[in-house]
Amino acid sequence: MLTGDAAQRAQPPDAAQRAQPPDAAQRAQPPEAAQRARAADAVRQVVRAERSRILATLIRVTGSVDLAEDATQDAVLRALQTWPRDGVPDSPRGWLLVVARRRAVDLIRREARRAGKEAEAVTLLDPASDSPEAVRDDLLRLVFTCCHPALSLDAQVALALRTIGGLGTAEVARALVVPEATMAKRLTRAKQKITQAGIPYRIPPAEELPGRLAGVAATVYLIFNEGYTAGVGDDLIRVGLADEGLRLARLLVELMPDEPTVLGLLALLLLQDSRRTARVGVDGRPLLLGEQDRTRWDRAAIAAGVDLVGRGLRRTPDHPDGYVVQAAIAACHALAPSYQQTPWDAVISWYDVLLTVQDTSVVRLNRAAAVAERDGPAAGLALVDAIGGLAGYPWFHATRGELLYRLGRADEAAAAYRAALALDLNDPQAARLRDRLAECAPTSLRE
């Protein structure tokens, strides 16, 4: 559990799916029940793919995050009630947006100053305000609104993950490693700040972009990362979130084509996502880099990512950007013909550069894992044990367990795996670690 996709999860079928074809359960149901099941699946898929777009459009036309969230949620509930009975509409997103707009009108009309609100409500019913450019940029506008400098960086990232990424408060708390109650208060304060400060819903002018970029880049990366490796649950990949992160990164490059941070961000996301289809084994367990079939990697995405790395490096010859350097590390893995041919000297060298701009415990852990591959498990373990501040990070313990296991220290490895399993993991990751824990038992016990 050392490098690359070590912390990734899979999508294992449940016991019923393993025992019969995927659609057998639905075929065994009465037609009405099967229709309801299909409708429920369609609702979940549409909500996952479209919720943030609907929310962003409603925030643009209403100017209120809370109002837009209430209206969007009502549309989702209406779909859950009516689609199983009436069938899924030809344009699910259009249906949801119409219902959400109407709900927003109802909510506005209930407010005080009825005369003024009536005119505002009538405007909401007119979809002519949704020009193609406005609709395309709605999410990007929302990202910059959430990432306004009037908010703290932590609040920026949290609010965007909640509103754009569609994560629940508990999921945002796990992604940012804070208690759920703390996150709930942070989100409430952030939304109140937007209202009280009159923060505009727009893409800022060019002169304001540099000061807003750190929060925006962190937000897009965390949205992608939660999709690429879901924090908890049954799924390794939340495809909608991963795709949304990529889409937002591409929009950022369109907006700022010469900005190294966004070039490096998109490069990193493309290079990571290029391995998407190769990360799960036939048993549903996540596959590490050394176990993956590299012929299944997306070579077009790798080529695009490598090109972006080059563009980013040419724009930062003296002061490397953190995202560009991380993308350069990912490129070393992506371009290696096999795991055995990974250029570990180059990987470690890039980690040394990264530490000059982003000296964190997690970066040091990843560097130690690379050192272990080049110089052996003892060298890597010495570096891992010198790192502090990661007691609550499961992959610190999993990495120690792997290195201890390679050194033949099975009892210590087992203790490290147990420490990892005691922390938040998704189901497939935990299953993989339990497999490793079982391998630490004496042969006589395993037999």
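Helix α8 passes helix α11 in a right-handed crossing, where right-handed means that the near helix is turned clockwise from the far one by less than a right angle, and left-handed that it is turned anticlockwise. Both helices, α8 (residues 153–163) and α11 (residues 209–228), belong to a predicted model, and their axes come within 9 Å and cross at roughly 40°. That angle makes α8 oblique to α11; angles under 35 degrees count as roughly parallel, over 145 as roughly antiparallel, 65 to 115 as roughly perpendicular, and the rest as oblique. The axes are lines fitted to C-alpha atoms, for helices over the stretch in contact, with angles running from 0 to 180 degrees between N-to-C directions.

On the α8 side, the contact (heavy atoms within 4.5 Å) is made by L153, Q156, V157, A160 and L161. Their partners in α11 are A214, G215, A218, T219, L222 and I223. By class, eight of these residues are nonpolar, three are polar and none is charged; here Ala, Val, Leu, Ile, Met, Phe, Trp, Tyr, Cys and Pro count as nonpolar, Asp, Glu, Lys and Arg as charged, and the others, Gly among them, as polar. Helix α8 is largely enclosed by the rest of the structure, because eight of its eleven residues are buried, that is, under 20% relative accessible area with a 1.4 Å probe and protein chains only, against over 50% for exposed and in between for partly exposed. Among the buried residues of α8 are Q156, V157, A160 and L161.

Residues are numbered from 1 along each chain as its sequence is written, and side-chain values use heavy atoms, with hydrogens and water left out. Because the model is predicted, local features need pLDDT of at least 70 and side-chain atom pairs count only at pLDDT 80 or more, while totals for chains, interfaces and linings use all residues.

The protein as a whole has 22 helices and zero strands, both taken as DSSP runs numbered from the N terminus (helices H or I, at least four residues; strands E, at least two). Of its 447 residues, 49% are buried. Among contacts with a separation of 6 or more, 66% join residues 24 or more positions apart.

Helix α13 (residues 260–273) has 14 residues and should span 20 Å at 1.5 Å a residue, which agrees with its end C-alpha atoms being 20 Å apart; the expected span is 1.5 Å times one less than the number of residues. With 14 of its 14 residues buried, α13 is largely enclosed by the rest of the structure. The axes of α13 and α15 (residues 322–335) come within 8 Å and cross at roughly 30°, so α13 is roughly parallel to α15. The crossing is left-handed. Residues of α13 in this contact include P260, G264 and L268, and those of α15 include Y323, A327 and A331. The contact has eleven nonpolar, three polar and no charged residues.

Finally, L77 lies in helix α4 (residues 65–86) and is partly exposed, with a relative accessible area of 40%.
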